[in-house]
Amino acid sequence: MSDLPKVAETEELLKETSGSPPTRKTLIEKLDNWDDWASWDEFYRTYSGFVFHVARKTGLSDDEANDVVQETFIGVAKNLQKKKFDTSLGSFKSFLLNQARWRILDQFRRRKKQQSREANLYADETDERRTAPIERCADPNGVALEKLWEKEWQDKVMDIALRRVRALVSPRQFQIFSCYVLKGWSPERVKKELGVNAAQVYLAKHRVGRILKREAAKLAEAEE
């Protein structure tokens, strides 16, 4: 199994994953038309969950992460309206990262102000009972956020590649591949629980794995 990509997500997550590539030039270009609600809805559904997930991993709460999503997409819409992003000049992934980064930082600043107000209200209490300082929160600046963003982006690419593969192979072969490669079952367990032989297991591993690599490469090329 060492020659195949390692994916931690199960089939339940695959059902929830959008079939759209993470960077779609044609979709972004459609957003020039402000009356095209279908494209804007598709755009939001494609990227909002991703931004929310990254925001949560920086240390924000669900409510704070939801605010990041809303404010990020308002910023994206304003920038696209003003033609401040040209698909021929740069990566949309980097553009979206910068939009989200500012909103994540805003949430930490708001949290810090709230903590300061609460600390002033309880100034007479012991240090142990005061609200934790902002320094305890994850820092969304610099390399750390970029590494997190890149990892989450690549995970999304692999999720989408898996969704594509699922549509290209037989349900039986994908089930064998999922159990053996994605879930990490032993060959013996796969054979016993799915009622297949060793040849079927290894055939599914290599055939589905080859198609998965191909689809992941296509997505990576489309991003560039």
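I started with D62, which is partly exposed in this predicted model; its relative accessible area is 41%. Its partner is R56, and the two side chains form a salt bridge of 2.6 Å from N to O. I looked up R56 as well and found a relative accessible area of 35%, so R56 is also partly exposed.

Next I turned to R111 and E64. Their side chains meet in a salt bridge, 2.4 Å from N to O. R111 belongs to helix α5 (residues 92-121) and E64 to helix α4 (residues 62-81), so the pair ties together parts 47 residues apart in sequence. I checked the burial of this pair: both R111 and E64 are buried.

I then went to helix α3 (residues 37-57), which holds R45 and D41. A salt bridge joins R45 to D41, with the closest N and O atoms 3.0 Å apart. The two residues are four apart in α3, so about one helical turn separates them. R45 is exposed at a relative accessible area of 52%, while D41 is partly exposed at 41%.

I noted the total for the structure: 13 salt bridges. I also noted a network of salt bridges linking R164, R214, E215 and K218.

Last entry, helix α8. Which residues of α8 (residues 187-194) are buried? I found P187, V190 and L194. They cover an arc of only 65° around the axis, which puts them on the same side of α8. On the other side of α8 I found E188 and K192 exposed. Just after α8, G195 takes a positive phi of about 70°.

Note on methods. Residues are numbered from 1 along each chain as its sequence is written. This is a predicted model: local features need pLDDT of at least 70, side-chain atom pairs count only at pLDDT 80 or more; totals for chains, interfaces and linings use all residues. Side-chain values use heavy atoms; hydrogens and water are left out. Buried means under 20% relative accessible area, exposed over 50%, partly exposed in between (1.4 Å probe, protein chains only). The arc is that of the directions from the helix axis to the C-beta atoms. A salt bridge is a side-chain nitrogen of Lys or Arg within 4 Å of a carboxyl oxygen of Asp or Glu.
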